[in-house]
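Work through these exercises with the structure open beside you. Try each task before you read its solution.

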Amino acid sequence: MKERNIWNATRSLLVVFNYEDEDQLNGYRKSLDKMLNDSNVDRLIIVVNIDKEVDKNTLPPHFLIYYNSPNDYSFWGKLKDIQLESELKRDYDVLIWFGNVDRPVFKEVKSALCKRKILVNEHNDHFDLQLNAESTEPAEMLNFVINTLEKITIYE
């Protein structure tokens, strides 16, 4: 059996974080781009939770990012974004969720098939690993998560 760590074994990644402002969004985008250039990840989906007051059309479009708002759900709680819904039905090696999970999309993400579920700077029993980063800066949190995942050996 070959020894590998979680990060090097990750081919598909689902990242979720809560939008605060454009600087924070750009920080995540730049950090994720840099991180992915040095990784084995070949499929990435990013879900950005926005408040209903935020206009999606004012946010920079990106083919890997799905902006998710409480307005994206029907009265009965069904996700209206068919493309995001189909992405969440795919399998992922790793889910990394940054911050509070008290968002409508959490129900959808919970049903996604993820081998490993990581939560950063929050607590919830649904996740396999809960990490507390000392920083709230996107680059520092991502580096912390990757460094931690590189230290965890897996046997498959």
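The model is predicted: local features need pLDDT of at least 70, side-chain atom pairs count only at pLDDT 80 or more, and totals for chains, interfaces and linings use all residues. Residues are numbered from 1 along each chain as its sequence is written, and side-chain values use heavy atoms, without hydrogens and water.

**Exercise 1.** Find the order of the strands in the open sheet.

Solution. Strands are DSSP runs of E, at least two residues, and helices are runs of H or I, at least four, numbered from the N terminus. Two strands pair if DSSP finds at least two bridges between them. The order of the six strands is 4-3-2-5-6-7, with parallel pairing. Next, look at the edges: strand 4 (65-68) and strand 7 (129-131) each pair on one side only.

**Exercise 2.** Count the bridges between strand 5 and strand 6.

Solution. Take strand 5 (residues 91-98) and strand 6 (residues 113-120). They run parallel, joined by seven bridges. Check one partner: L95 bridges to K117 in strand 6.

**Exercise 3.** Describe how helix 1 meets helix 4.

Solution. Start with the axes, which are lines fitted to C-alpha atoms, for helices over the stretch in contact; angles run from 0 to 180 degrees between N-to-C directions. Helix 1 (residues 22-37) and helix 4 (residues 138-150) have axes that come within 8 Å and cross at roughly 35°. Now list contacts (heavy atoms within 4.5 Å). Among the residues that meet are Y28 and L32 in helix 1, and M141 and L142 in helix 4.
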